[in-house]
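Thanks, everyone. Let's get the structure up on the screen and walk through it.

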2 protein chains.
Amino acid sequence: MSEITNLISKRAAARTTSHFTTGPTDGAPVGFKAHPNPLPLHWGMPNNGFFPIDSIDLNLVDYPFQKSLQLTNNSLENLSLTGSSNGGQSVTPPLQPTKNLKTIRIERHTTDPDLIDIATGLQYANVEGLKPLLNFTRDFINRTHKPGYDDWETIITNGAGDGLNKAADALLDPEDVILIEEFTFTPFLQNVKNAGGIPVPVKLTIKSGSQGLDLEYLTDLLENWSTIHPDKKKPKALYTIATGQNPTGLTQTVEFRKKVYELADKYDFAIIEDDPYGYLALPPYQTPSSTIKLDTFLTVDEYLKDHLVPSYLEIDTKGRVIRIETFSKLFAPGLRLGFIVAHKEVIKAVSNYSAIVTRTSSGTSQLIVNNVIQQKFGGVDGWLQWILKMRITYAHRRDVLLNSIYKSEAYKKKFIEVIDPKAGMFVALIVNFPEGTDFLAKLKLLVWKFAEYGVGVVPGINMAVDKKFSAEHANFFRLTYAPANSDDELIEGGKRLTDAINDFFEKGLEF
Amino acid sequence: MSEITNLISKRAAARTTSHFTTGPTDGAPVGFKAHPNPLPLHWGMPNNGFFPIDSIDLNLVDYPFQKSLQLTNNSLENLSLTGSSNGGQSVTPPLQPTKNLKTIRIERHTTDPDLIDIATGLQYANVEGLKPLLNFTRDFINRTHKPGYDDWETIITNGAGDGLNKAADALLDPEDVILIEEFTFTPFLQNVKNAGGIPVPVKLTIKSGSQGLDLEYLTDLLENWSTIHPDKKKPKALYTIATGQNPTGLTQTVEFRKKVYELADKYDFAIIEDDPYGYLALPPYQTPSSTIKLDTFLTVDEYLKDHLVPSYLEIDTKGRVIRIETFSKLFAPGLRLGFIVAHKEVIKAVSNYSAIVTRTSSGTSQLIVNNVIQQKFGGVDGWLQWILKMRITYAHRRDVLLNSIYKSEAYKKKFIEVIDPKAGMFVALIVNFPEGTDFLAKLKLLVWKFAEYGVGVVPGINMAVDKKFSAEHANFFRLTYAPANSDDELIEGGKRLTDAINDFFEKGLEF
């Protein structure tokens with residue numbers, strides 16, 4: 001048994017499940033011989049012949065925005081054939097998509113063990129997830145973020161939100177404390193509350209070059225816990241978005257993570273690593289051009305070796321880490337599909353919760369994701385090649401937005417700074433208010449200004465665990481380049497944003 | 001405010017949700033003018049151009065088992081054109097499917113308000129469900145089970161299991177009591193436990209012609225509650241599977257439901273009506289023939305008027321009823337899709353729970369179900385015509401299984417009885433043990449016998465709320481004709497079952 005078992009909540013550990021259709025397993029009468037081919041009059045599940053869908057054809061693209069991007073010779077269309085990272089020279093990449101289909105068919109029945117057919121995908125299924133997709137998640141993690149111990153498992157979830165709620169339930173009993181980055185994905189706070197847990201914010205350092213978590217603050221907090229929080233239990237977990245942090249866009253290096261993990265070991269807490277877009281590891285900003293540069297495109301091996309930041313899983317030797325993955329950002333959010341990677345005892349607790357509360361994840365989504373990955377992309381490395389195409393598209397978008405900001409009056413006058421993110425889809429825009437300014441009042445006014453100029457942003461303070469704790473360093477907005485419909489929208493969005501700030505500052509911080 | 005609001009759990013009533021991307025709504029500065037076309041740099045959602053799926057083609061069947069059934073002139077294939085209920089004479093049915101497509105395409109973008117496109121269906125969405133499908137659920141309930149009051153709503157769920165868990169959460173605080181049919185869908189007991197509720201079994205009368213719930217027992221229980229259960233609070237809800245009850249297959253008439261509703265009114269409790277397969281309203285058993293008889297096929301109006309048993313919703317004037325629907329049995333279980341119909345205050349509580357715990361239901365499933373119903377079947381009445389085809393197929397299966405049992409030695413010797421179900425997919429097989437038999441020991445032994453003969457059934461006792469309470473009348477098994485692959489399997493299943501029982505009885509109730 002791993003040390004993590006001591007951290008599983010009493011509520012989760014007490015759950016057991018069994019189904020009324022399960023037959024007896026012991027006490028067989030003398031002479032009993034099982035029939036080799038029993039017929040089912042017990043399972044209340046409709047035969048797949050009742051399903052109105054006979055097969056599904058998925059018409060797929062080869063790269064993001066295939067239908068709307070202006071293509072050139074150096075376009076993404078050629079990347080699967082000529083992808084290169086050495087300064088624009090084309091080389092044969094080490095990996096080709098095994099099947100470069102435009103349309104894949106999902107049949108009612110298949111005998112291919114890597115595929116999910118209609119008869120299986122649209123039927124009742126185990127809460128852990130359908131076998132081929134579960135196998136994929138394990139292969140994927142082995143290739144990208146191999147844990148530092150053996151007894152880990154994966155389980156399919158209804159996306160990262162569901163994964164986070166399950167992690168909270170698995171760890172937190174009422175009054176249990178969880179450390180959380182002071183600015184964070186606040187819906188998780190509701191999950192913590194639902195489990196009865198108490199969130200305690202940890203300071204972030206929000207500036208270029210920072211890795212997010214204030215390690216000195218965290219170390220001091222843990223060392224002096226009983227003095228600082230005499231009324232609270234010792235922390236049971238840390239929740240961190242370690243790569244492309246939401247909302248700051250900051251990323252922890254592997255060396256930094258090792259130090260945090262050492263603290264987890266020393267003070268015996270679990271780490272919930274939420275990583276919805278960490279695979280979008282971005283190169284540093286460069287002036288955007290109208291065509292995407294091949295020299296920013298990597299091979300899968302280069303990407304894994306030098307660009308993708310290692311997960312906490314990889315330095316985990318004791319099963320302390322619960323990693324929350326999702327297909328929302330790399331495939332589509334409406335799937336409501338993701339997975340958790342954790343010690344098998346944690347996965348067992350999550351599985352029992354799923355069996356009672358959320359039930360099985362959408363089979364429709366599972367069969368679509370699994371079969372697209374297998375039939376279109378040819379498995380793990382083909383899927384990583386898709387991710388590389390996502391990455392380069394996001395990098396371009398980030399460059400376009402930042403360029404629009406860098407060219408602005410507000411930026412040149414140093415009213416604002418931005419943090420160039422190393423991963424993900426968020427940029428922190430820091431507002432340099434004069435000393436002594438009432439941040440929160442001015443930020444609120446500025447949001448109205450943005451609404452008048454026609455651009456939506458998220459004030460950092462909206463994502464604070466504790467608004468009072470964070471009021472002093474909440475002088476930033478979260479921007480994202482994910483939803484825009486075109487480069488022009490990003491350019492215009494950046495312009496409206498910076499024009500509004502310039503106007504606001506020139507009017508002496510007034511509307 | 002309806003009386004139901006007093007029945008909502010304190011936990012559910014206390015929940016509120018808000019999202020960090022929500023902008024300020026009050027305190028606009030003087031002179032503020034909203035921009036007519038704001039650009040989004042706030043929502044962390046990927047543009048649909050990132051989705052690898054461009055469009056989906058669904059290849060559909062016109063009736064269940066189209067690919068495997070032997071067809072004749074009187075086949076289901078002709079039903080949409082010649083469906084009739086008057087003794088086999090063909091008449092033009094009042095409703096034709098508006099679009100009789102074999103393949104429907106789901107496009108990336110559509111302007112049809114009844115359809116869900118890829119850009120919407122695979123994107124983040126409201127927890128209540130996607131608009132076109134939500135509209136469908138309301139239209140469907142208006143057509144089939146129009147509630148007796150106005151302030152009702154629907155909300156999409158991840159199937160009936162999810163719906164039941166949400167109903168339990170919405171009503172039950174710790175120590176709250178819920179009445180449950182003594183034999184029931186036991187996974188619901190886990191939902192009750194999870195909410196802290198206390199299940200109290202209500203006696204069922206398990207015999208042909210019965211309607212399930214023992215009304216006299218229920219009335220007496222409520223009248224003398226404080227004497228019978230001095231340590232428990234008064235019941236807050238009744239959970240009932242009123243049509244094709246699981247596991248007994250029994251169905252309550254509308255007159256019966258009115259009496260139960262009167263009790264709910266008098267003793268102020270809510271009714272959770274779980275109805276996964278009630279739309280499969282079955283004609284009485286008739287000797288099966290190799291072709292399906294047209295005279296058992298109904299028009300939609302005939303079906304709604306004379307065959308579909310009214311829901312508790314229809315006699316509900318105060319919003320006491322929470323109806324749990326699912327697409328699992330009529331479309332496919334792997335969708336993990338269903339909906340709840342209830343008073344808007346209950347739906348609000350469920351919505352808040354969804355926002356925190358389960359999140360949005362699979363958009364993939366929502367877009368497939370919605371678009372199949374709209375594009376293939378043409379809306380509510382076309383969907384009901386599909387249900388009628390399901391119904392006639394289930395009726396045939398039920399007839400085949402019962403016929404196999406009726407022809408058996410065990411049946412002729414009166415070792416067993418069966419209850420011909422008026423709806424659904426379950427048959428209760430009652431074993432006539434001699435008086436004084438130790439039921440439970442013999443039933444257990446019999447299950448091993450079935451395993452040796454090669455047939456799976458569910459012992460009623462496996463589905464008891466309280467095994468002690470129900471031990472005296474647990475002399476039955478639940479059979480289902482839903483999963484079998486063919487008529488032959490049902491015939492053989494019935495044969496193995498009855499041969500095993502005959503063998504068991506002839507050996508003096510020994511293995």
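Start with one residue, A:Asp503. Set aside its neighbours within four places in sequence, and A:Asp503 is in contact with A:Lys449 and A:Tyr453. Keep in mind that this is a predicted model. Where does A:Asp503 sit? It is in helix 17 of chain A, residues 487-506. Buried or exposed? The relative accessible area of A:Asp503 is 17%, and the limit for buried is under 20%, so A:Asp503 counts as buried. Now look at the side chains. That of A:Asp503 makes a polar contact with that of A:Lys449, at 3.0 Å.

Next, the domains. Chain A is divided into domain 1, residues 79-390, and domain 2, residues 407-506. Between the C-alpha centres of domain 1 and domain 2 of chain A the distance is 28 Å. How many residues does each side bring to the contact? Domain 1 of chain A gives 34 residues, and domain 2 of chain A gives 25 residues. Together these two domains of chain A bury about 2,300 Å², with 67% of that on carbon and sulfur atoms. Three residues lead on the domain 1 side. A:Phe183, A:Pro247 and A:Leu282 supply 24% of the area that domain 1 of chain A buries against domain 2 of chain A, more than any other three residues.

Polar contacts are present: 8 residue pairs between domain 1 and domain 2 of chain A, both residues at pLDDT 80 or more. Two elements of chain A give two or more residues to the domain 1 side that touches domain 2: strand 5 (177-181) and strand 6 (198-202). Strand 6 of chain A gives the most to that side, with 3 residues.

Now the two chains. The contact takes 118 residues from chain A and 118 residues from chain B. Chain B and chain A bury about 9,800 Å² between them, and 61% of this is on carbon and sulfur atoms. Which residues of chain B lose the most area to chain A? They are B:Phe20, B:Leu41 and B:Phe50, together 10% of what that side buries. Salt bridges between chain B and chain A: the rule finds 0. Polar contacts between chain B and chain A: 55 residue pairs, both at pLDDT 80 or more. One element to pick out is strand 2 of chain B, residues 53-60. It gives the most to the side of chain B that touches chain A, with 8 residues.

On to the core. In soluble globular proteins, nonpolar side chains tend to be buried together. Here the largest nonpolar core has 331 residues. Inside that core, the residues with the most contacts are A:Phe327, A:Trp383, B:Phe327 and B:Trp383. Zoom in on A:Trp383. Beyond its neighbours within four places in sequence, A:Trp383 is in contact with A:Phe136, A:Phe140, A:Phe327, A:Leu330, A:Phe331, A:Ile373 and A:Phe377. Another core, of 6 residues, lies apart from the largest one; among its members are A:Ile356, A:Val357, B:Ile356 and B:Val357.

Last topic, salt bridges. One joins the side chains of A:Asp306 and A:Lys305, at 3.6 Å, N to O. A:Asp306 and A:Lys305 are both exposed.

Over to chain B. B:Arg11 forms a salt bridge with B:Asp169, with the closest N and O atoms 2.9 Å apart. B:Arg11 lies in helix 1 (residues 10-14) of chain B and B:Asp169 in helix 5 (residues 160-171) of chain B, so this pair ties together parts 158 residues apart in sequence. B:Arg11 is partly exposed, at 26% relative accessibility. B:Asp169 is buried, at 6%.

Another salt bridge joins B:Asp265 and B:Lys318, at 3.1 Å, N to O. B:Asp265 is in helix 9 (residues 254-267) of chain B, while B:Lys318 is in the loop between helix 10 (300-307) and strand 11 (321-326) of chain B, so the pair ties together parts 53 residues apart in sequence. Both are partly exposed: B:Asp265 has a relative accessible area of 27%, and B:Lys318 has 29%.

Finally, a network. A:Arg257, A:Glu273, A:Asp275, A:Arg323 and A:Glu325 are joined into one by salt bridges that share partners.

Note on methods:
Residues numbered from 1 in each chain as written. Chains lettered and ligands numbered in written order. Predicted model: local features only at pLDDT ≥ 70, side-chain atom pairs only at ≥ 80, totals over all residues. Heavy atoms only, no water. Core = buried A, V, L, I, M, F, W, Y, C linked by side-chain atoms within 4.5 Å. Buried < 20%, exposed > 50% of the residue type's maximum accessible area, 1.4 Å probe, protein only. Contact = heavy atoms within 4.5 Å. Domains from an automatic or database assignment. Buried area = accessible area lost by both parts, 1.4 Å probe. Polar contact = N/O pair within 3.5 Å; in protein donor to acceptor, adjacent residues only side chain to side chain. Helix = DSSP H or I, 4+ residues; strand = E, 2+ residues; numbered from the N terminus. Salt bridge = Lys/Arg side-chain N within 4 Å of Asp/Glu carboxyl O.
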